[in-house]
Amino acid sequence: MDADAALGARFEDWAVKGFDESRCPVRNLLDQIGDRWSMLLLAALSAGPKRFSALARAVPDISKRMLTQTLRRLETDGFVHRDVQPTVPPSVTYSLTPLGKSFAAPMLGLVEWAEANFAAVLAARARMAGELSRRHAEI
């Protein structure tokens with residue numbers, strides 16, 4: 001079975017379940033890791049453990065509040081381990097868990113696809129923007 005057919009069959013399975021988030025692993029997990037920041041943080045941690053400040057520098061446009069929330073959610077889901085050292089002040093290091101590391105290969109596939117197709121997506125967006133402008137002009 002080719003990838004299109006296999007994906008279509010899985011979609012039908014999810015539809016039978018009513019797309020219930022609690023029973024649909026793809027929807028449930030993509031809601032968590034498909035947000036604006038999670039994949040960037042997982043990619044940053046793929047290079048090795050990092051402290052909070054290093055992660056903030058690695059993703060400079062994330063607020064400290066959002067960085068904290070995203071790291072907590074990734075920790076709750078088992079992707080990230082938070083190691084607190086009993087120093088003054090406490091030293092906190094974040095690293096990928098075995099589950100987080102197991103996501104690297106699928107994520108790399110998505111990253112490679114995005115890099116290879118980014119220009120085509122931008123071109124399609126530009127074409128659609130032009131088409132929408134023409135449609136509005138006709139009205």
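Student: What makes the largest nonpolar core a core, and which residues have the most contacts inside it?

Tutor: A nonpolar core is a set of buried Ala, Val, Leu, Ile, Met, Phe, Trp, Tyr and Cys residues joined through side-chain atoms within 4.5 Å. Here the largest such set has 20 residues, and Leu 41, Leu 42, Leu 55 and Val 80 have the most contacts inside it. α3 (38-46) is one of the elements giving two or more residues, and α3 contributes the largest share, four residues. Helices are DSSP runs of H or I, at least four residues, numbered from the N terminus. The model is predicted, with local features needing pLDDT of at least 70, side-chain atom pairs counting only at pLDDT 80 or more, and totals for chains, interfaces and linings using all residues. Residues are numbered from 1 along each chain as its sequence is written, and side-chain values use heavy atoms, leaving out hydrogens and water.

Student: Why is the pair of Phe 11 and Trp 14 called edge-to-face?

Tutor: Rings of Phe, Tyr and Trp (its six-membered ring) pair if their centres lie within 6.5 Å; planes under 30 degrees apart count as stacked, over 60 as edge-to-face and the rest as tilted. The centres of Phe 11 and Trp 14 are 6.1 Å apart and their planes are at 75°, so this pair is edge-to-face.

Student: How do you know whether Trp 14 is buried or exposed?

Tutor: Buried means under 20% relative accessible area, exposed over 50%, partly exposed in between (1.4 Å probe, protein chains only). Trp 14 has 16% relative accessibility, so Trp 14 counts as buried. Phe 11, at 41%, is partly exposed.
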